[in-house]
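Please walk through this chain with the model open beside you.

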Amino acid sequence: MDKTVTVTTLNVRTNGSNLNVRQAPATSAKVITSLKNGASVTVLEKSGVWSLIQAGTVKGYVMSKYLTDAPVVIPAPVATAGVVANLRTGVGVYLREQPSTNAKILGRFVNGQSVYLLGEAKGFYKVNVAGLIGYISKTYVKPILVVNPSPAVPPIAE
């Protein structure tokens, strides 16, 4: 088995999941911790498909294919949902066919109505609200921040 002993700093790249750090270089070895995507590690030794790394005070083994010297881009939080929020109580908000106040009205919704944000155009959000797709002025939608929209429980890389 080829063995390289060059100390270097690399980044974890797992497409969003955590990377298991193991006591020994085998997928059956005990997991001692896990590292987040983008974490920096010091590679102490590389042997075959495994690297002995140090992250803080923890030393252990990870699969080398999940390490990179390239910067890891972590997606910024994205708003994917929102609620209708018209400051004038009792007044509905129009869902329109196009991003224009002159466009055909598809429906009227009240404060607190949940919407799914699909995009933006000309000062409007393209939304799915109660199964209808259309546009609501950005003035009347309060976005809800959803961090890294991905599976509820991301898979763990070995």
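**A charged pair, then the strands**

A search of the whole structure finds one salt bridge, meaning a side-chain nitrogen of Lys or Arg within 4 Å of a carboxyl oxygen of Asp or Glu. This is a predicted model, in which local features need pLDDT of at least 70, side-chain atom pairs count only at pLDDT 80 or more, and totals for chains, interfaces and linings use all residues. Residues are numbered from 1 along each chain as its sequence is written, and side-chain values use heavy atoms, with hydrogens and water left out.

Which side chains meet in the salt bridge? They are those of Lys 138 and Glu 120, at 2.5 Å from N to O. The pair links distant parts of the chain, 18 residues apart. Lys 138 sits in the loop between strand 14 and strand 15 (141–146), while Glu 120 belongs to strand 12. Lys 138 is partly exposed, with a relative accessible area of 32%. Glu 120 counts as exposed, at 55% relative accessibility. The scale is this: buried means under 20% relative accessible area, exposed over 50%, and partly exposed in between, with a 1.4 Å probe and protein chains only. Side chains of opposite charge can pair when their charged atoms come close.

Now take the fold as a whole. The chain has zero helices and 15 strands. Both are DSSP runs numbered from the N terminus: helices are H or I with at least four residues, strands are E with at least two. Buried residues make up 32% of the 158 residues. Among contacts between residues at least 6 apart in sequence, 56% join residues at least 24 apart. Contact here means heavy atoms within 4.5 Å.

Follow strand 5 next. Strand 2 and strand 5 (residues 40–47) run antiparallel and are joined by four bridges. Two strands pair if DSSP finds at least two bridges between them. Leu 10 stands opposite Val 41 in strand 5. Strand 5 also runs antiparallel to strand 6 (residues 50–55), with five bridges. There, Lys 46 stands opposite Ser 51 in strand 6. The hairpin of strand 5 and strand 6 has two residues between the strands, and in it Gly 48 takes a positive phi near 65°.

A nonpolar core is a set of buried Ala, Val, Leu, Ile, Met, Phe, Trp, Tyr and Cys residues joined through side-chain atoms within 4.5 Å. The largest one has 14 residues, of which Leu 35, Val 41, Ile 53 and Leu 67 touch the most other members. Strand 2, strand 3, strand 5, strand 6 and strand 7 (58–63) are the elements that give two or more residues to this core. Strand 6 supplies the largest share, three residues. Apart from this core lies another, of 11 residues, among them Leu 95, Phe 109, Val 115 and Leu 117.

Some loops deserve a stop. Thr 14 is in the loop between strand 2 (8–12) and strand 3 (19–22). Is Thr 14 buried or exposed? Thr 14 counts as buried, because its relative accessibility is 8%. A polar atom of its side chain lies 2.3 Å from the backbone oxygen of Ser 17.

Most residues other than glycine have a negative phi. Lys 122 has a positive phi, near 50°. Lys 122 lies in the loop between strand 12 (114–121) and strand 13 (124–129), and counts as exposed at 73% relative accessibility. Ala 130 also has a positive phi, of about 55°. Its place is the loop between strand 13 and strand 14 (132–137), and at 63% relative accessibility Ala 130 counts as exposed.

Finally, check confidence. pLDDT is the predictor's confidence in each residue, from 0 to 100. The chain's mean pLDDT is 83, and 80% of its residues reach 70 or more. Over residues 148–157 pLDDT stays under 50, and the model has 17 contacts beyond four places in sequence for them. Where pLDDT is low, the predicted coordinates should not be read in detail.

Technical notes:
Polar contact = N/O pair within 3.5 Å; in protein donor to acceptor, adjacent residues only side chain to side chain.
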